[in-house]
Amino acid sequence: MKDAAPATAPETFYLKDYKPFGFEVEAVELTFKLAPNSTRVLSKIRFSPKANAADPRFFLHGEALKLISAKIDGAPVTPELIAGGLICDTPDSPFTWESEVEIDPAANTALEGLYMSSGMYCTQCEAEGFRKITYYPDRPDVMSTFSVRIEGNEKVLLSNGNPTGAGEGWAEWLDPWPKPAYLFALVAGDLVNHADSFTTRSGKDVELNIWVRPGDEGKCAFGMDALKKSMKWDEDVYGREYDLDIFNIVAVDDFNMGAMENKGLNIFNSSCVLASPETSTDANFERIEAIIAHEYFHNWTGNRITCRDWFQLCLKEGLTVFRDAQFTADMRSEPVKRIEDVIALRARQFPEDNGPLAHPPRPEQFQEINNFYTATVYEKGAEVIGMLKRLVGDDNYDKALDLYFDRHDGQACTIEDWLKVFEDATGRDLSQFKLWYSQAGTPQVTVSEAYAGGTYTLTLAQSTPPTPGQPDKAPRVIPITIGLLSPNGDEIRATEVLELTEAEQSFTFDGLAAKPVPSILREFSAPVILKRESTNAERAFLLAHDTDPFNRWEAGNALATETRVTMVTEGAAPDAAYLDALEKLVRDDTLDPAFRALVLSPPSQSEIAQTLHDRGVTPDPQKIYDAAETFAQTLAQQLETSLPRLYAATTVDSPYQPDAHGAGLRALNGRILSLLTRLDGGEQAARQYQAADNMTQQYAALAALMKAENGESQSQAFFDQWQNDRLVMDKWFGLQVACAAPDAAAKVAMDLTRHALFDMKNPNRFRAVMGALAGNHAGFHHKSGAGYTLLAQQLIALDSLNPQTTARMCSAFQTWARYDSARQALIRTELERILAAEDLSRDTNEMVSRILQ
Ligand code: 0A1
Ligand code: ZN
């Protein structure tokens, strides 16, 4: 069986082996008779055999199904049950397949297929969950209309498409748009709705609902507003209208991912849709707005145009992430969004791309597709589209997208289809560009410069280190943006795009009065690592003068990194010039507070570890932690006299609004408070905790106090206040571990796994504790190895319940090769312990095997 430990090597699937399904599916009719342990699913499906099919077998996927009966054209048949599904003899002409199966939603802790969460039925079918609901060709290139009848005693019975009838104990739905099975959804529960409506630009009224458990009605308004903004934005910017009479969102507590774009019935992890000022931070609000947009945008990029096979996942995900980033930039601040995205890319995607799990945005093989919902497919996939847009220009991008929607609406497509649209719309040859989809690894671009006789020459050389299965890489086309500044800080050449296509290439700039200071890779125009000799003086100059906000921040980030590195490697004191530059910036009220907060946010300790490793120094997590502490303490002292004024100036007194401006001010205020707490022993933080009427300020105060090991009473008060709110309790669980000192983190996390409110079956709670442990760099990598052991134990225990979340969390170990041999040995032992666990899922088996290779 698929879920059990493979006795033989697990099957590997290859892109090159793609074969279309041998039958058309004309229509699907499903009936669900709901019961927690014995739901019956009846299917009636019209198939017609294709002429000259490459694979004429009638194979239907099916897993963990009890087959009750099967018929073809009304006559009983006995299909052969084989691994992963069934095969059956079929007529040569169109026929009707009927089956009845029984499933057990209440026992489904993997949260794939039909399962139960807090008493409600819900589904998760992407990528391959539909095969746990009924026998079906569960592949994205098989598209059909679905009509669904649900029989159950729950008050609310939902499925995809438009409602076509309902009565006591039943409801019927019809989705007229052909879709693959991974977009199927069903929800049944005693839910309540926050309702609204939207009129499309062609005048169609759409009913909108957010369905939640009773008691959560008050947490829907923000999500609803985000949905309406997304619908309008997709009309205005991409010309895409909604295409059903109703759009439903449902919040569920137990969910492996953030949310799911099922046609007309999006299902959300409750953490990604429920929001209120009292229970959600500014960061939560921003994330919720982005995820609502992301799922909504999938209606066109994913649902109307879907993927031919799962190797093409980045076709829908890269594009949809790109679109949601554009949306957030439009709703909030473009530079701030860009900086946040690059921070996230470096924290999550770069380690993936430069470690044992490296794979291209379009992988060519997998054992378990769920392991490929990665930062590379999503975020690098979006970066690739950003580069494409930059190379062809905004107007051509719009033209190509119009052509994409015109040409491929209703189809299941490939990356080749996507690039062909751009080639046809622009006349440009994209064969070299396509390497971005097939080559893994982050390119390194080395910059050297010369200046003579008024001419400045920039030489760019690219190379990409070997990655698993890809020892050699060809040069790619890389858009490198550049602007030039004069030595007195004026911009003398505005931003332009250089196209690096060779392994090494020179670009010249004439007519310059003096050697310029280049500002390279503005807006982070390509997901590469830029290598260039520079000085702290030059970085400080760019931090002060660059006209590109991203590169201003980048200069500050480089200074912060250099300072940390010299503190760790030479035992140096924090760089005084950098401290001065920071002080100036923080006090500069003409600058956007959100930007100032970002400049004040240190690079992560994990990133410093990577930088040290790249420079041939084995990172010592404790030393990196100590340097971070010393730096923050020194900065606090340097700012001592201005902190109270800055704190007051950034405090937002007006009623809480989750808008970008207020959020920026509060982010800066939170940074100031954490510095202040280092000096006043927590007085101000305690006052803020007491007075806070919103979660952002309450949480910031609690975090500052706990970091200072001075927040026990507030932590208890927080628990008492919020113990019945699951989402807030996730914050409480996570914060204990995130704030723990390096030698205490594993113990704190272990104690929390024994807490009455810890529930491993709830992915949010599990991630709150174990994700925070993996994120506490010095704690997780403490030399005792206690962090590694705890995580491994927990992952082994979770694997038999929820392979998907287990496998995803194994990536905490992916950076192991950076560290010293003692830590490597400890990690290896734990990884081998996981691999040896009885009945290990193929999800986890694949991840651990790849990490160990
Ligand atoms: N397509 C969704 C994410 C998603 C993927 C897989 C899932 O289960 C394995 C669930 C959700 C998105 O991009 O939002
Ligand atoms: Zn998505």
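In what follows, Ala, Val, Leu, Ile, Met, Phe, Trp, Tyr, Cys and Pro count as nonpolar, Asp, Glu, Lys and Arg count as charged, and the others, Gly among them, count as polar. Under this scheme, the shell around ligand 1 has five nonpolar, six polar and four charged residues. The model is a predicted one, and the descriptions below should be read with that in mind.

**The ligand site.** Ligand 1 is surrounded by 15 residues, of which the closest are Glu126, Met257, Met260, Asn370 and Tyr373. Two secondary-structure elements, strand S20 (259-260) and helix H2 (282-297), each supply at least two residues of this shell.

| Helix pair | Axis approach | Crossing angle | Handedness |
|---|---|---|---|
| H22 (residues 763-775) and H24 (residues 786-799) | within 10 Å | roughly 150 degrees | left-handed |
| H11 (residues 576-587) and H14 (residues 621-638) | within 10 Å | roughly 55 degrees | right-handed |

The axes of H22 and H24 cross at roughly 150 degrees. Because angles over 145 degrees count as roughly antiparallel, H22 is roughly antiparallel to H24. In this contact, Phe766, Met770, Leu773 and Ala774 of H22 meet Gly787, Leu790, Leu791, Gln794 and Leu798 of H24. By class, the residues of the contact of H22 with H24 comprise seven nonpolar, two polar and no charged.

For the other pair, the axes of H11 and H14 cross at roughly 55 degrees, and that makes H11 oblique to H14. Here Leu579, Leu582 and Glu583 in H11 meet Thr634, Leu635 and Gln638 in H14, and the residues of this contact of H11 with H14 divide into three nonpolar, two polar and one charged.

Which residues does UniProt list for "domain: Aminopeptidase N-like N-terminal"? In an unreviewed entry, UniProt gives residues 108-183 for this feature. In the model, the span 108-183 is 0% helix and 50% strand, and its end C-alpha atoms lie 19 Å apart.

The feature "domain: Peptidase M1 alanyl aminopeptidase Ig-like fold", likewise from an unreviewed entry, is placed by UniProt at residues 441-532. For residues 441-532 the model has 0% helix and 54% strand, with the end C-alpha atoms 19 Å apart.

Key:
Residues are numbered from 1 along each chain as its sequence is written. Chains are lettered from A and ligands numbered from 1 in the order in which they are written. This is a predicted model: local features need pLDDT of at least 70, side-chain atom pairs count only at pLDDT 80 or more; totals for chains, interfaces and linings use all residues. Axes are lines fitted to C-alpha atoms, for helices over the stretch in contact, and angles run from 0 to 180 degrees between N-to-C directions. Helices (H or I, at least four residues) and strands (E, at least two) are DSSP runs, numbered from the N terminus. Angles under 35 degrees count as roughly parallel, over 145 as roughly antiparallel, 65 to 115 as roughly perpendicular and the rest as oblique. A crossing is left-handed if the near helix is turned anticlockwise from the far one by less than a right angle, and right-handed if clockwise. Two residues are in contact if their C-beta atoms, placed from the backbone, lie within 7 Å. UniProt positions are given in the numbering used here, feature names are shortened, and annotations may be inferred rather than shown by experiment. A residue is near a molecule or strand if its C-beta atom, placed from the backbone, lies within 6 Å of it.
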